[in-house]
Amino acid sequence: MKSSCFNCKFHFITYDLNRPWGCRKFGFKSNISPKVEVKKETGMECAYFTVREKFNKTQREIQKNG
């Protein structure tokens, strides 16, 4: 499976218009996809890609309440 930052649990959207995407694992924000930034800097695919768990509203409420 090809990794996409939008499906990774470490990916986040920022409020910074100049650097709208970020990676919590590597600790940076960028104006390009973190996947591309990591490839550009290291020459390798991201080794920390982890599939984001997707919850619907009911699952979130159950998890929150316990």
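**Briefing on a predicted single-chain model**

The model is predicted, so local features need pLDDT of at least 70 and side-chain atom pairs count only at pLDDT 80 or more, while totals for chains, interfaces and linings use all residues. Residues are numbered from 1 along each chain as its sequence is written, and side-chain values use heavy atoms, with hydrogens and water left out.

**Confidence and overall layout**

- The chain has a mean pLDDT of 83, and 79% of its residues reach 70 or more; pLDDT is the predictor's confidence in each residue, from 0 to 100.
- The chain contains two helices and three strands, where helices (H or I, at least four residues) and strands (E, at least two) are DSSP runs numbered from the N terminus.
- Along the sequence these elements follow the pattern β-β-β-α-α.
- Of the 66 residues in the chain, 20% are buried; buried means under 20% relative accessible area, exposed over 50%, and partly exposed in between (1.4 Å probe, protein chains only).
- Among contacts between residues at least 6 apart in sequence, 30% join residues at least 24 apart, a contact being heavy atoms within 4.5 Å.

**Helix 1 and its buried side**

- Pro 34, Glu 37 and Val 38 are the buried residues listed for helix 1.
- These residues cover an arc of only 95 degrees around the axis, and therefore lie on the same side of helix 1; the arc is that of the directions from the helix axis to the C-beta atoms.
- As background, an α-helix has 3.6 residues a turn, so residues three or four places apart point the same way.
- The cover over the buried residues of helix 1 includes strand 1 (11-13), strand 2 and strand 3.
- Glu 37, located in helix 1, has a relative accessible area of 16% and is therefore buried.
- Beyond its neighbours within four places in sequence, Glu 37 is in contact with Phe 28, Ser 30 and Ile 32.
- The side chains of Glu 37 and Ser 30 make a polar contact at 2.9 Å; such a contact is a pair of N or O atoms within 3.5 Å, and within protein one must be able to donate a hydrogen and the other to accept it, while residues adjacent in sequence count only if both atoms are side-chain atoms.
- Lys 39 also belongs to helix 1, but its relative accessibility of 39% makes it partly exposed.
- Not counting residues up to four places away in sequence, Lys 39 touches Met 44 and Glu 45.
- Gly 43 follows helix 1 and has a positive phi, near 80 degrees.

**Aromatic pairs**

- Rings of Phe, Tyr and Trp (its six-membered ring) pair if their centres lie within 6.5 Å; planes under 30 degrees apart count as stacked, over 60 as edge-to-face and the rest as tilted.
- By this rule there are three aromatic pairs.
- In one of them, the ring centres of Phe 26 and Phe 28 are 6.4 Å apart and the planes stand at 45 degrees, so the pair is tilted.
- Phe 26 also pairs with Tyr 48 in an edge-to-face arrangement, with 5.4 Å from centre to centre and 70 degrees between the planes.
- Because Phe 26 lies in the loop between strand 2 and strand 3 (28-30) and Tyr 48 in the loop between helix 1 (34-42) and helix 2, the pair ties together parts that are 22 residues apart in sequence.
- Phe 26 is partly exposed at 37% relative accessibility, and Tyr 48 is partly exposed at 40%.
- Phe 26, Phe 28 and Tyr 48 are linked into a cluster by ring pairs.

**Thr 14 in its loop**

- Thr 14 is placed in the loop between strand 1 and strand 2, and its 13% relative accessibility counts as buried.
- The side chain of Thr 14 reaches the backbone oxygen of Arg 19 at 2.5 Å, and a polar atom of that side chain lies 3.2 Å from the backbone nitrogen of Asp 16.
- Leaving aside neighbours within four places in sequence, Thr 14 has contacts that include Trp 21, Gly 22 and Lys 29.
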